[in-house]
Amino acid sequence: MKKKRPLRRFLFWLIALPILLVLLLQLYFFLQIGWWTRFDPNSTSFMRHQLSILQEKNPKAELKHQWVPYNRISNHLKRAIIASEDANFSGHEGVDWEALQKAYEKNQKKGRVVAGGSTITQQLAKNLFLSGERSYLRKGQEVIITYMLEFWMDKERIFEIYLNSVEWGVGVFGAEAAARHYYGISAAALNPYQAARLAVMLPNPRFYDVNRGSGYLARRTDLILRRMNSAALP
C-alpha cells in the first residue's frame, strides 16, 4: 500500500500541474485585460514577434507605431474596417458563431486550417497574446480571451486598441503609422478612398505593402467604399 501512495501522488500532480498552469495563464490574461481598460498597451505579442523577425536581418530595425486616441482616427477608416472585416461588430458578443461554422466547413473540405472566421475582437485577442499559428487549440484560447475582452471592455475600447495595434505592412502597426506610411498624413485626415484601401489591406498587409498595384486590392476597395455608409460604429 505504501508503494502505491507515491505513485498516486505522482499521477495526481502529473494531471493537476498542467491544469493549474493553464488556469494561472487564464488568470494572467484576465487581469492584464482589466489593466488595459485604463492603460494603453505599449506593444502586443504579435508586434514583438514581428520585430524579432525584422531584427534578425537588421539588429537596428524598429517598428513604425504611434498610439492615437479613438477620436483622432478617421470615422471613414472605422466604417471601412467594420464593413470589410466584421459587419456585425457592434451587435455580436465577440464571436460570430455562424462565421466560425462556415470557416470550419471550409477547413474540413481543404483538410487543413485555411480560414478562421474571426471577428475584430478575436483578431485583437490573437494579436495581444497569441502567435500566428493556425490550430484548433489556439483558436480555442482565442475564443476564451475574446470573451474576456468583451467582459472587461466596451466595443469602443476594443476597437480603439485594435486600430492602434493591428499590422498594416512590413513593421507598420496601427492606424496612425499606416496613414503616414502610405499617404503621409495623420489617421484623422484619411478620406473615404484611403480608408477603404487600408481596410482591404488588413488580411494580408505585408503582401499589399509591396504589391500596391494589385488588381484585387483596387476592386475590393471599390466594394468596401459602397458598403461603408451602412457600417454601424460602436
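**A walk through a mostly helical chain**

Among contacts in the protein chain between residues at least 6 apart in sequence, 69% join residues at least 24 apart. Keep that in mind as we go through this predicted model. The protein chain holds eleven helices and three strands, and along the sequence these follow the pattern α-α-β-α-α-α-α-α-β-β-α-α-α-α. Its C-alpha atoms fill a box of roughly 75 × 45 × 35 Å along the principal axes. Of the 234 residues in the protein chain, 43% are buried.

Let's begin with the strands. The three of them make an open sheet with mixed pairing, in the order β1-β3-β2. β1 (64-65) and β2 (167-169) are the edge strands, each with a single partner, so one side of each has no neighbour in the sheet. β1 runs parallel to β3 (residues 172-173), and two bridges join them.

Now turn to helix α3 (residues 75-85). Eight of its eleven residues are buried, so the rest of the structure largely encloses this helix. The buried residues are Leu-77, Lys-78, Ala-80, Ile-81, Ile-82, Ala-83, Ser-84 and Glu-85. What do they pack against? The buried residues of α3 meet the helices α5 (120-129), α7 (155-165), α8 (175-183), α9 (192-201) and α11 (215-227), as well as the strand β2. At the start of α3, a side-chain oxygen of Ser-74 comes within 3.0 Å of the backbone nitrogen of His-76.

One of these neighbours, α11, deserves a look of its own. The axes of α3 and α11 lie 9 Å apart, and the two helices pack at an angle of about 110 degrees. That angle makes α3 roughly perpendicular to α11. From α3, Ala-80, Ala-83 and Ser-84 take part, and they meet Arg-220, Ile-224 and Arg-227 of α11. By class, this contact of α3 with α11 has three nonpolar, one polar and two charged residues.

Another of the helices that α3 packs against is α7. Ten of the eleven residues in α7 are buried, which leaves this helix mostly covered. They are Lys-155, Arg-157, Ile-158, Phe-159, Glu-160, Ile-161, Tyr-162, Leu-163, Asn-164 and Ser-165.

Leu-202 sits in the loop between α9 and α10 (205-210). Is Leu-202 buried or exposed? Its relative accessibility is 8%, so Leu-202 counts as buried. Leaving aside residues up to four places away in sequence, Leu-202 touches Ile-81, Glu-85, Tyr-162, Val-166, Glu-167 and Trp-168. Ile-81 and Glu-85 are among the buried residues of α3, while Tyr-162 is one of those in α7. Leu-202 and Val-166 are 36 residues apart in sequence, yet their C-alpha atoms are 8.0 Å apart in space.

The last stop is the pair α5 and α6. Helix α6 (residues 136-152) packs with α5 at an angle of about 105 degrees, and their axes are 8 Å apart. That makes α5 roughly perpendicular to α6. On the α5 side, the contact is made by Thr-121, Gln-122, Leu-124, Ala-125, Lys-126, Leu-128 and Phe-129, and on the α6 side by Arg-138, Lys-139, Glu-142, Val-143, Ile-145, Thr-146, Leu-149 and Glu-150. Sorted by class, the contact of α5 with α6 has seven nonpolar, three polar and five charged residues.

Definitions and conventions: Residues numbered from 1 in each chain as written. Predicted model: local features only at pLDDT ≥ 70, side-chain atom pairs only at ≥ 80, totals over all residues. Heavy atoms only, no water. Pairing = 2+ DSSP bridges. Helix = DSSP H or I, 4+ residues; strand = E, 2+ residues; numbered from the N terminus. Buried < 20%, exposed > 50% of the residue type's maximum accessible area, 1.4 Å probe, protein only. Contact = heavy atoms within 4.5 Å. Polar contact = N/O pair within 3.5 Å; in protein donor to acceptor, adjacent residues only side chain to side chain. Axes fitted to C-alpha atoms, helices over the stretch in contact; angles between N-to-C directions. Parallel < 35°, antiparallel > 145°, perpendicular 65-115°, else oblique. Nonpolar A, V, L, I, M, F, W, Y, C, P; charged D, E, K, R; others polar.
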